[in-house]
Amino acid sequence: MSANELAEAGVATVYEARGRRGLVDESFEPLLPGRAIAGPARTALCGQDDNRAVHEVMAHVRPGDVLVLTMPEPRPVALLGDLLATQALARGAAAVLVDAAVRDVADLRELGLPVWTRWRRVKGADKNVRGAVNVPVTVGGATIDPGDLVVLDDDRATGAAPHRALKKPSGLRASMTLTSSAPSDVRREPAAGPATFAPPAGPGPRRAGR
């Protein structure tokens, strides 16, 4: 499946189709609500409270990449601001996932680069530790390898779909088909449509004694 198909499917569908694996279980804030993005991960593992690795990873960014910026312990320190975001956009990055903070939020929104962040803080990062680029990183309990397809949308939870999953997309396509083929009255007016879950039969409710 293509990145566009995964983005259309969305985080929840990809997560369920993959057997409820790969979910980044943190409340990341999308700075541009309404966007749905999927693309191969380009990772930067920064030194603690340091963003030198973010500067270094920019040379590796390719069109369509999702930048995943992390450090050993997530803290509200800004790894990304308007200058680095401008570089990422110029190199064709599709989105940025920041397991730390960002700043220059108004400018980031004006740039139009979709960014998901754990915090918004002005506190700046150092530039003393080289860190590492294109290495496996862990975000919200999920391991993301370079090249894994990362799916982001408004659920504020991010699903990571390894590129290997694309070789056997039948489960995901089946889930997408099931969702899209649901009766319109269920999707649009669930109160009036048929139930989507039937509880097991059992005794009726007990009447309170008088």
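Modeller: The accessible surface of the chain comes to about 11400 Å² in this predicted model, and 51% of that surface belongs to carbon and sulfur atoms. Of the 210 residues of the chain, 41% count as buried, and the chain is built with 6 helices and 12 strands. When contacts between residues at least 6 apart in sequence are considered, 72% of them join residues that are at least 24 apart.

With that background, we can turn to helix H3, which spans residues 82-90 and has Leu84, Ala85 and Ala88 as its buried residues.

What lies over the buried side? The cover of the buried residues of H3 includes helix H2 (52-57) and helix H4 (105-111), together with strand E4 (66-70) and strand E5 (78-80). After H3 comes Gly92, whose phi is positive, near 95 degrees.

Helix H2, one of the elements in that cover, also leads us to the charged pairs, for Glu56 forms a salt bridge with Arg130, with the closest N and O atoms 3.5 Å apart. Because Glu56 lies in helix H2 and Arg130 in the loop between strand E7 (115-120) and strand E8 (132-133), the pair ties together parts that are 74 residues apart in sequence. Arg130 is exposed, with a relative accessible area of 56%, whereas Glu56 is partly exposed, at 24%.

A second salt bridge joins Arg42 to Asp65, and here the closest N and O atoms are 2.9 Å apart. This pair links distant parts of the chain, since Arg42 belongs to strand E3 (residues 37-45) and Asp65 to the loop between H2 and E4, 23 residues apart. Arg42 is buried, with a relative accessible area of 18%, and Asp65 also counts as buried, at 5% relative accessibility; the cut-off for buried is under 20%.

The structure holds 9 salt bridges, and among the other charged groups are Glu26, Asp99 and Arg118, which are linked in a network of salt bridges.

Key:
Residues numbered from 1 in each chain as written. Predicted model: local features only at pLDDT ≥ 70, side-chain atom pairs only at ≥ 80, totals over all residues. Heavy atoms only, no water. Buried < 20%, exposed > 50% of the residue type's maximum accessible area, 1.4 Å probe, protein only. Helix = DSSP H or I, 4+ residues; strand = E, 2+ residues; numbered from the N terminus. Contact = heavy atoms within 4.5 Å. Areas by Shrake-Rupley, 256 points an atom, 1.4 Å probe, with all protein chains shown as cover. Salt bridge = Lys/Arg side-chain N within 4 Å of Asp/Glu carboxyl O.
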